[in-house]
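User: I'm new to this one and would like to go through its charged side chains. Can you put it up?
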Amino acid sequence: MADIIVTIILVVLIGGAVTYIVKAKKSGVKCIGCPAGGNCPGSGKLPKKKLDGPVAGRKTMQISGMNCAHCAMDVTRALNQIDGVRAEVSLAKGRARITFDREIDDAELISAVETAGFQVESIKP
């Protein structure tokens, strides 16, 4: 009898999950389970940004709030929009490695990340 009850519970749970995924995909959600409600930007690879001049410095930024690849792409886009900055973001490590070809104020980097909806924990040279 207990086996039947467990089987019924599993069928209901799996059926609910499949229904949720199907409804989400039909409504256009790109990232199922994403804390942004699936409305984060589209997937794909971003082209690697090239700097205009020689590398003037590097910084490492610890970032919290990134929960999926789309979140990491958001942070990458936000940082790469700053002139003279190239960022490579690691979701697994929760950090961005920033290379720049001119002097960049930390406040500008922090503002870009926070405007994208994430929190900067620290910036180190």
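User: Which residues are linked in a network of salt bridges?
Analyst: Asp52, Asp101 and Arg102 are linked that way. Keep in mind that this is a predicted model.
User: How far apart are the closest N and O atoms of Arg102 and Asp101?
Analyst: They are 3.0 Å apart, and the two residues form a salt bridge.
User: And Asp101, buried or exposed?
Analyst: Asp101 counts as buried, at 13% relative accessibility. Arg102 is partly exposed, with a relative accessible area of 34%.
User: OK, zooming out. How many salt bridges does a search of the whole structure find?
Analyst: The search finds four. One of them joins Glu88 to Lys48, with 3.3 Å between the closest N and O atoms.
User: Where do Glu88 and Lys48 lie?
Analyst: Glu88 is in strand β2, residues 85-90, while Lys48 is in the loop between α1 (2-26) and β1 (57-64). The pair therefore ties together parts that are 40 residues apart in sequence.
User: Is Lys48 buried or exposed?
Analyst: Lys48 is exposed, at 60% relative accessibility.
User: Which way does Lys59 go, buried or exposed?
Analyst: Buried: its relative accessibility is 14%, and the cut-off for buried is under 20%. Asp106 has a relative accessible area of 29%, so Asp106 is partly exposed.

Notes
Residues are numbered from 1 along each chain as its sequence is written. This is a predicted model: local features need pLDDT of at least 70, side-chain atom pairs count only at pLDDT 80 or more; totals for chains, interfaces and linings use all residues. Side-chain values use heavy atoms; hydrogens and water are left out. A salt bridge is a side-chain nitrogen of Lys or Arg within 4 Å of a carboxyl oxygen of Asp or Glu. Helices (H or I, at least four residues) and strands (E, at least two) are DSSP runs, numbered from the N terminus. Buried means under 20% relative accessible area, exposed over 50%, partly exposed in between (1.4 Å probe, protein chains only).
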